[in-house]
Amino acid sequence: MRARTGIVPTVNSETTNHVRFHTPMKFNQGNSVSKPEALGCGDAPADITASDGKLNTCGSLAGLSESSIVAGRQLNCPSCLGDGLEVFYEARRIPVQVCVTMGSRQEALDHPCRDLALGYCRACGFITNVLFEEGIVCKGGLYEDQQTFSPFFRNFQIDVTRQLVERYGIRDKDVVEIGCGKGDFLHELCKAGDNRGLGIDPLSGTNENTNNSRMVRFVADYFGPDHAKEPCDLLSCRHTLEHIRPVSDFLTLVRSTIGDRPDTLVYFEVPDTMRVMRERAFWDIYYDHCSYFTSGSFARLFRSRGFDVINLARRFGEQYLLLFARPTRQPTSAVLPQESDFEEMTLEVAAFGNAVSQRVAYWRNLLLDAHRQGRRIAIWGSGSKCVGFLSTVGMADVIDRVIDVNPRRHGRFLPGLGCPISAPEELIGAPPDVVIVMNPVYQVEIRERLAQMGVTPEILTI
Ligand SMILES: [Zn+2]
């Protein structure tokens, strides 16, 4: 959900220097385009009655039609490196970046869109977008995914830092965070435990927190072997691994960077894909998320790369997976009960495609009915779920407003969709009849905010 940094799937860490992150800033540097620019999503005619849309769900692991995007491709698993990937879900022409916003509607409509196809590995349970290409140029986008404007998210972040300090003893320690973004988490952790922090992120040199703390420093760089010399009691990597396609290579690099420091704690955080499968949450599937984990596949990857997974947890409304591990000399075996999710995941994956088709049809009918009745529809939350939802349902034209509490997003436009983003206060002058909440975890604070403004719409959640 927090699409902060992507990774260039280019390396075998034994033979090259760095696993590189690509960032939206890099996209904005005007580099030459190595491949033909994709059509913008906005190039498609707006047919709000269409029932076929851009979705092509396969419904069965073995049931791909000849028209499938990936028919005939050899598909290898980037996690276990086997050849057991089978495609089970496809979506056509979705925005390649979900967290950028654009300065004009036309720029937003010109945002590149590509096809996505999720492959499931029958050997290890890993899911990947087999069509993922790194480095697609997105012009004019501003990357903004800061969630700390929400009290709910702030509390979640504080809970995690408290757990690291109190349960795992990260106090007066050296913390390295890969893909630290604006450094909110690192600052919080260093403040809570009187720790010393190093944030590694190509964008970190541009963030406003760089000089605000003696305890935290930032390096505007890609993570690589050079960072092995940094003191590191905790290595943290949050909402970054889902942007990396060669996940096995990346974990090999992380393990070699830690080296012979067995007491180093490793903390990773990613979206939980079991929840996405169970809830048929098609809005949580993004082009720039190329890797999808459950508890089991997450742990299997770490164990295969020389880690012992000591704790797995779900937090943030069960949406995030938290993994705590220590380095070992050898691969380790599964011991935690949460790792035994393979059979359930296989069943969920098999049912996902048809169930999503029904879900998309439900939302199309609901939006179309409301639109025909002249009801004003607002969406609350302009981030990745909103872009994922609208680009799959394909009815952005019937949305009256898209609301966000993050002031940096106001007045900007959704990639691939062209919808403008408004401040909550703009609802006062033109109250909506329906508000669709993009993330249920924020429902309470959204209800409170609407009540404070005297706005009383029907509230729905996806
Ligand atoms: Zn695999």
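**A first walk through the fold**

Hi everyone, let's begin with how this chain folds back on itself: among contacts between residues at least 6 apart in sequence, 72% join residues at least 24 apart. Please keep in mind that this is a predicted model.

Now some overall numbers. The protein has 462 residues, and 51% of them count as buried. As for secondary structure, there are 11 helices and 21 strands.

Let's go inside. The largest nonpolar core has 121 residues. Which residues have the most contacts inside it? They are Leu118, Phe302, Leu323, Ile379, Trp380 and Leu414. The largest share of this core comes from helix H8, residues 342-372, which gives seven residues.

Setting aside its neighbours within four places in sequence, Phe302 is in contact with Leu251, Phe307, Val309, Leu323 and Ala325. Leu323 is also on the list of core residues with the most contacts.

Next, please find helix H3, residues 151-166. Its 16 residues reach 22 Å from the first C-alpha to the last, close to the 22 Å expected at 1.5 Å a residue. Val160, Thr161 and Leu164 are buried in this helix. Why do these three sit on the same side of H3? Because they cover an arc of only 95 degrees around the axis. Turn to the other side of H3 and you'll find Asn155, Asp159 and Glu166, which are exposed.

My last stop is a sheet. It is an open sheet of five strands, in the order E19-E18-E17-E20-E21, and the pairing is parallel. At the edges are E19, residues 421-422, and E21, residues 458-461, each pairing on one side only. Strand E20, residues 434-437, runs parallel to E21, and four bridges join the two.

Conventions. Residues numbered from 1 in each chain as written. Predicted model: local features only at pLDDT ≥ 70, side-chain atom pairs only at ≥ 80, totals over all residues. Expected span 1.5 Å × (residues − 1). Buried ≥ 20, exposed ≤ 12 C-beta atoms within 10 Å, placed from the backbone. Arc of directions from axis to C-beta. Core = buried A, V, L, I, M, F, W, Y, C linked by C-beta atoms within 7 Å. Contact = placed C-beta atoms within 7 Å. Pairing = 2+ DSSP bridges.
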